[in-house]
Structure formats: C-alpha cells, structure tokens
Amino acid sequence: MNKKYFLLSVIGLNLMLLGCKQTNSNQPYLDQAPPTAIPKLFAPSIVNTDSIEINTVFNSSFTEMFFTRIINKKFVIHHSELVEGNWNFPKPIQMFTDQEKESVAIDPSISQDGNTMYFLGISPEDLLKKSKPDIYRSLKKLGKWQLATKVEHPISTQEYAESYPVVVADGSLYFTSDRPGSLGKRDIYRAQYLGDGKFDSPINIGSEVNSEKGERSTYVSPDESFLITANTYSDEKGFAVSFKKNGKWQRPTFFNLGENINEDWVYFCPYMSPDNNYFFFSKRYSSPPNSGWKGVTKGEVYWVNSNEIFKHKEK
C-alpha cells in the first residue's frame, strides 16, 4: 500500500472515530452536556421551553424519553425517540379519546421492557364527574403508544386519590394514596404484580417512610434498593432518600441539591436515571405561591450528578 495513501486512511479513520465519540458523548441524554454537583436545566428549548414542563423520565434502554407539558390546561405526556443515532423532536402522546378536551396525564413510569407506561391520569370524563386522580396504563404495540385505560381495583378506586405510580423490575407498582390505613394525608403503597395486568392488594410500606405529613412525590429504584421522596422529615425543602437494609426501608435522610432552595417554588417529581448517574427533579411556581396547580405559571426540569445522594447509603 502506498505510504501516503496509508497515512491518509489512518487519519481519516481517526477523524471518523473522533467524530462518533463527540456525537455520542452523552447520547442517552439528548446529547446534553452533563451537570456537576450544581443542578442545571435539562435540555433547554427541547424539554424546557416557555411552556410548563415537568417530570422527565427514560426507558431502561435509553431509547425513549418522556415528560409532561401543560398546554391550555391540558397535561400532556410528550416523548422523544432515539432513531438511527438521533433523537427526534418531542411529540405528544394521545392517551385519551378526545385529546382536545381538558385532561391530565402526568408522572409516567416505564416498565423494564419498555412496553408499558403507568401514569397519574384524569380523563375528560373523570373531570366532568369531578373524580379524583387514578392510575392509568398505556401499552406500546407495533412501536406506538395506545390509548390508556384505568388500572382496575385494587389499584384505582372511586372514592380515593391514587398518584405517583412507579413500576419496578418485577412489574410491581408503588404509588401514593389517601385510602384508609394511611398514616398521613397520603402514604406510599406497594402492589405485587400477579401477571396478565393484575395486581395483589396494595400494602402500606410502613411508618419508617410514611409520615403524618403525608408522602406525595416518590421514586423507587427498579431493584427496590432505594427510594426518594419529597422531604417531609425536616423543615428543609427538597428531597430525602431511604435505602433498604435487610429487607426493611430505613428512615429517609435529607440530601443537599447543591443549590440555594427557593422557598417560593415547589420541589417534586424525583427520578433517578437508569444508570444511576443523574438525579432529575422538577420545580413549579404558582402565583400567588399558595394557589397550587390552578395558579401555576412556570414548571422546569433539572438534573444533577447523583453522587451526593449515594453518600447517604453508608450512613
């Protein structure tokens, strides 16, 4: 082989490999520059826009990303897919028959095989009946997410509120509810998956995690080795983590987000990336601050390096 041709070939190959490495350096996260110990907005102009966005999650293979965007009082789950090495622009998923009517689809959680999504839902019909939120499920068939259906009793109920569903590795479901037997306004429950879309009776996970103040925002790792909740265990606003030891949940410990907490914002929607490298959370602002979702004017998704969280595992 001609020496000049050989050198040019080597240089060309190196440039091609370098280009691939740069393109895919943080591909699972929409090619975003990773955060450090200080939280930063996730995917500005893609996820975070002038609209209200909350609760970003991924499937376990990092080929699909989900979040909720609020548009004209409709809470709509959007998703982006990794196709041939490129993330497409986020698009809404139709979960209810009439997508134009006011409805709620929020807090998605994806099964390990990527084919089942659970979320907090209030359909247009639910709103007309002034029903409380329930847990809905959408199945992915032939690459498309189907219209959602309500997960049947004993998960969803008519008289009580169910929210923050989290599906774990064996298909079992964690969620919060204000049903009888709760210690506070809402407790965290676990329902064993029985197969064929069915669940056993939910069991309260206990007083070490559940408190009189009530638990709302919740994340549970697929292997059920740790969970993260909005902090109700001290006066500090933010999140707390509980690790499981000898089959029992430990008392949650507050962890520092690495930023100055803004007391006028609500911190919620905790989520750990599938590789455990990054912690995602959402913040929302309402005007006036105590007006809740009715007065919400801004919602943002942040991410931060997860090292601070796992420091508490050794304590």
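## Strand E9 and its partners

Strand E8 (residues 116-122) pairs with strand E9 in the antiparallel sense over six bridges, where strands are DSSP runs of at least two residues numbered from the N terminus, and two strands count as paired if DSSP finds at least two bridges between them. Within this pairing, Leu120 has Ile135 of E9 as its bridge partner. The structure is a predicted model, in which local features need pLDDT of at least 70 and side-chain atom pairs count only at pLDDT 80 or more, while totals for chains, interfaces and linings use all residues. Residues are numbered from 1 along each chain as its sequence is written, and side-chain values use heavy atoms, with hydrogens and water left out.

## Nonpolar cores

A nonpolar core is a set of buried Ala, Val, Leu, Ile, Met, Phe, Trp, Tyr and Cys residues joined through side-chain atoms within 4.5 Å. The largest one has 44 residues, and those with the most contacts inside it are Phe42, Ile228 and Phe279. Leaving aside residues up to four places away in sequence, Phe279 touches several residues, including Ile228, Phe239, Tyr302 and Trp303, a contact being heavy atoms within 4.5 Å. A second, separate core of 12 residues includes Ile54, Leu120, Phe268 and Cys269.

## Loops with particular backbone angles

A cis peptide bond joins His153 and Pro154, with omega about 20°, and Pro154 lies in the loop between E11 and strand E12 (162-167). The peptide bond from Ser287 to Pro288 is also cis, with omega near -5°, and Pro288 lies in the loop between strand E24 (278-286) and strand E25 (296-305).

Lys73, in the loop between strand E3 (64-71) and strand E4 (74-83), has a positive phi near 70° although this residue is not a glycine, and Lys73 is exposed, with a relative accessible area of 60%.

Conventions:
Buried < 20%, exposed > 50% of the residue type's maximum accessible area, 1.4 Å probe, protein only. Helix = DSSP H or I, 4+ residues; strand = E, 2+ residues; numbered from the N terminus.
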